[in-house]
Every structure is written in C-alpha cells, then in structure tokens.
Amino acid sequence: MKKIIQYIIFFIIATLFLTSCSATSHGFDKSFYRFGTVVNLRFYDKDGSAAADRLLQDLELLWDATAPESELSKWNADHTSPLSEKTLHLIQQSIEISQITNGAFDMTLLPISRLWGFQEGVHAVPKNETVESVLEKCGYEKLSIKEGSIIAPEEVLLDLGAVAKGYAADLIADELKKDGCKACVISLGGNIRTVGRKPDGSKWSIAIRDPKDTASYVGTLHFYGERSIVTSGSYQQFFEDNGRKYCHIIDPKTGFPVLSELSSVTVICSDGLKADAYSTALFVMGRDKAIDFYKNTSDFEMILVYEDGSVEISEGIASEFQLNDSYDTLTLSTIERGNP
Ligand code: AMP
Ligand code: MG
C-alpha cells in the first residue's frame with residue numbers, strides 16, 4: 001500500500017520534472033515503478049522502454065538492499081556470495097569516491113540507516129550511545145578488494161542506494177544507444193540522464209525541483225548533449241520528531257542525519273555514477289566544503305539550493321541556468337572554480 005501511495009505521489013511529481021521546449025519537440029512517455037521510485041522515460045524517436053525496464057529489473061535484483069533475494073543482500077548476509085562485475089565496479093568506484101570525498105560518501109552506513117528506520121520506513125530517534133556503538137562497525141576503510149572479491153569484517157554491511165540509480169541510468173543510456181535510440185531522457189527519481197540530441201535541434205530543458213514545493217521548480221537548465229543531472233536533498237525522505245527534521249542522508253562522522261543550511265545539491269556531470277555519489281557527498285559536506293571540493297575537482301558542475309531560498313550555481317553552467325522568474329524570493333549567485 002505504502003509503495004502504491006509513493007508511486008502515485010512520485011508519478012505526479014516526476015511528470016512535472018521533465019519539461020519540453022515545444023509541443024513539436026515532445027516525444028512519448030513511459031513510466032513504471034522500479035528502484036523504490038518512479039522511472040520516467042521520454043523517447044523522441046524509437047520506444048526503448050521494454051529494454052530499459054528489463055535492464056532495470058535485472059539491476060534491482062543486484063542492488064536493492066531491502067530485498068533479501070538481491071545480490072547485495074545475499075553478500076551482506078554471508079560476505080561470501082559472489083558479486084557480479086557490475087556490482088564490483090560500483091563498489092570499487094564507491095570506495096574511490098569515499099576516499100576523494102574524505103569519507104563524506106560512505107556505502108557502509110546501512111546499519112545506521114536501519115537504526116533511524118530509513119530502510120523499513122518505521123522511523124525513530126535512537127539513543128546517542130546506540131548510534132555511537134553502531135557507527136563503530138561502519139566505515140569504508142574497513143573494505144578492500146582482493147582478486148575480485150570484497151573483503152570486510154562480518155558486521156560491515158553495504159548500501160549502494162546513493163550510487164545505484166546514477167549507474168543504472170548510465171547503463172540504460174548505453175543499452176538504448178546500442179539499440180538505436182537517438183534521443184531520450186531517463187529519469188530515475190532525482191536522477192536524470194539525457195541521451196543524444198532532440199530531433200528538432202532544440203536544447204534539453206531540465207527543471208530543478210524546488211525543495212520547499214516539490215510541484216514547482218527553482219530553475220531550469222538548458223543545454224545540448226548527454227549529461228547526468230542528479231539531485232540529493234533533505235526534502236526527498238525525512239521524518240519529524242519533536243519539531244526537528246531528520247533526513248535520509250547520514251553524516252558518516254556522527255551517524256546522525258545531516259542537518260544543513262542546504263536543502264538540495266544537484267550535480268551535473270557526464271558520468272551518472274559520479275553525479276549520484278557526488279550529490280550525496282556534497283550534501284553531507286555542506287556549503288564550504290562542497291565549494292572547496294568543486295574548486296579542486298574538475299569533472300562536474302553543481303547547483304546548491306538553500307533553506308533560505310538562495311541558489312548558488314557553479315560557473316560552468318552559469319550561462320545555461322535560468323532561475324524560475326515566477327518567484328520573487330529566490331536569489332542567484334555564481335561560484336567560481338578559479339585556480340585551486
Ligand atoms: P541519495 O538519495 O543519492 O543522496 O542517496 C541517499 C541514500 O544513500 C540513503 O537513502 C541511504 O540509503 C544512503 N546513504 C545515506 N547517507 C549516505 C552517505 N553519507 N554516503 C553514502 N550513502 C548514504
Ligand atoms: Mg546519490
């Protein structure tokens with residue numbers, strides 16, 4: 001029942017998420033529910049939805065940490081079950097991103113997520129001592145890869161929820177292109193991926209959701225070409241207790257949900273896996289560290305949306321981003337990469 005309600009809500013929101021420049025450039029849409037979210041596909045030439053859905057079902061069977069029969073859950077249960085090449089790639093990349101983000105990204109927080117009730121959807125605020133003792137069992141540094149196997153102490157459990165959708169969007173894009181698709185948009189919840197070029201030659205228009213009113217948007221990106229645009233934010237999943245908001249993104253240093261001046265972080269990158277991992281990591285880092293990371297990393301652009309309604313965009317997308325002018329409360333400024 002919960003899934004059905006989520007489906008209906010996400011469907012309404014997600015259809016508002018993809019915008020098209022004109023009726024003539026409008027393709028045809030397909031939607032289904034996978035990976036705990038609504039998948040929206042818009043095709044401009046060939047309908048590749050059957051192939052995309054088949055692939056998504058296969059990927060769900062690999063990475064859904066809440067499904068006992070998934071490859072990841074089986075590995076979490078015994079630490080010896082075999083892992084596919086795709087899963088090993090995802091874990092290897094995740095370890096590297098944990099290292100470069102100084103641990104802001106950490107795929108070993110499943111026991112902490114469970115403690116806060118984010119996996120089962122039954123939320124509770126745990127005692128500080130409980131968080132501390134569970135956190136001791138987490139940490140990406142406890143993982144290593146040896147001859148194609150993941151080595152970790154038995155209490156270490158993996159959750160690929162912060163990267164799986166981004167990587168899935170990359171794999172679907174590759175599959176559709178192989179299948180002859182020339183132009184489409186893939187949307188897996190907050191993960192968007194454009195493929196090819198629209199037949200009418202117009203730019204892609206991707207709206208960035210307003211965290212305060214998810215039926216609206218703070219601005220739109222207009223661009224040509226293939227990109228991943230991934231958003232992480234406290235508005236996507238949270239619960240409230242005693243007037244405080246607790247979101248699903250965990251600070252690996254404290255084991256507590258991130259409490260931030262940021263409402264959302266959107267990362268724009270050619271690689272969906274990276275875009276997904278970075279958006280989660282930057283949300284954990286908060287503004288200043290996110291900007292330092294941007295200045296020292298050349299392969300992405302970003303949009304930071306704050307609780308107070310201000311929006312900061314990185315210089316590489318400044319000419320492509322248009323603030324929603326139906327708001328008069330939003331303010332916009334640009335972050336320069338400069339010379340690190
Ligand atoms: P995303 O929506 O991509 O930002 O990913 C959030 C999901 O990743 C959560 O629902 C958790 O399953 C997991 N997660 C939470 N905190 C972290 C973190 N600091 N690093 C990596 N994964 C996390
Ligand atoms: Mg992510």
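Donors to a metal are taken as N, O and S atoms within 2.8 Å of the metal (3.2 Å for Na, K and Ca); water is not among the atoms, so sites may look incomplete. The model is predicted, with local features requiring pLDDT of at least 70 and side-chain atom pairs pLDDT 80 or more, while totals for chains, interfaces and linings use all residues. Residues are numbered from 1 along each chain as its sequence is written, chains are lettered from A and ligands numbered from 1 in the order in which they are written, and side-chain values use heavy atoms, with hydrogens and water left out.

The magnesium ion (ligand 2) is coordinated at 2.1 to 2.4 Å by Ala162 (O), Asp276 (O), Asp276 (OD) and Thr280 (OG1). The spacing of these donor residues in sequence is A-x113-D-x3-T. Ala162 and Asp276 link distant parts of the chain, being 114 residues apart: Ala162 belongs to the loop between strand E5 (149-151) and helix H7 (164-178), and Asp276 to helix H8. Helices (H or I, at least four residues) and strands (E, at least two) are DSSP runs numbered from the N terminus. Both Ala162 and Asp276 are buried, where buried means under 20% relative accessible area, exposed over 50%, and partly exposed in between (1.4 Å probe, protein chains only).

Ligand 1 is surrounded by 18 residues, the closest being Asp106, Asp159, Ser232, Ile250 and Thr280; a residue is counted if one of its heavy atoms lies within 4 Å of the ligand. This shell divides into eight nonpolar, seven polar and three charged residues. In this division Ala, Val, Leu, Ile, Met, Phe, Trp, Tyr, Cys and Pro count as nonpolar, Asp, Glu, Lys and Arg as charged, and the others, Gly among them, as polar. Helix H8 (residues 272-285) gives the most to the shell, with three residues.

Oxygen atoms of ligand 1 lie 2.6 Å from a polar side-chain atom of Ser232, 2.7 Å from an N or O atom in the side chain of Thr280 and 3.4 Å from a polar backbone atom of Ala162. Taken alone, ligand 1 exposes 500 Å², of which the protein buries 91%; accessible areas come from the Shrake-Rupley method with a 1.4 Å probe.

Among the residues in contact with Ser264 are Ser232, Tyr235, Phe283 and Val305. Leu330 is placed in the loop between strand E16 (321-323) and strand E17 (331-335), and its relative accessible area of 14% makes it buried.

Most residues other than glycine have a negative phi. Phe35, in the loop between strand E2 (28-34) and strand E3 (37-43), has a positive phi of about 55°. Asn242, in the loop between strand E11 (238-241) and strand E12 (244-247), has a positive phi of about 50°. Phe35 is buried, with a relative accessible area of 14%, whereas Asn242 is exposed at 80%.

Note on methods:
A polar contact is a pair of N or O atoms within 3.5 Å; within protein, one must be able to donate a hydrogen and the other to accept it, and residues adjacent in sequence count only if both atoms are side-chain atoms. Contact means heavy atoms within 4.5 Å. Lists of a residue's contacts leave out its neighbours within four places in sequence.
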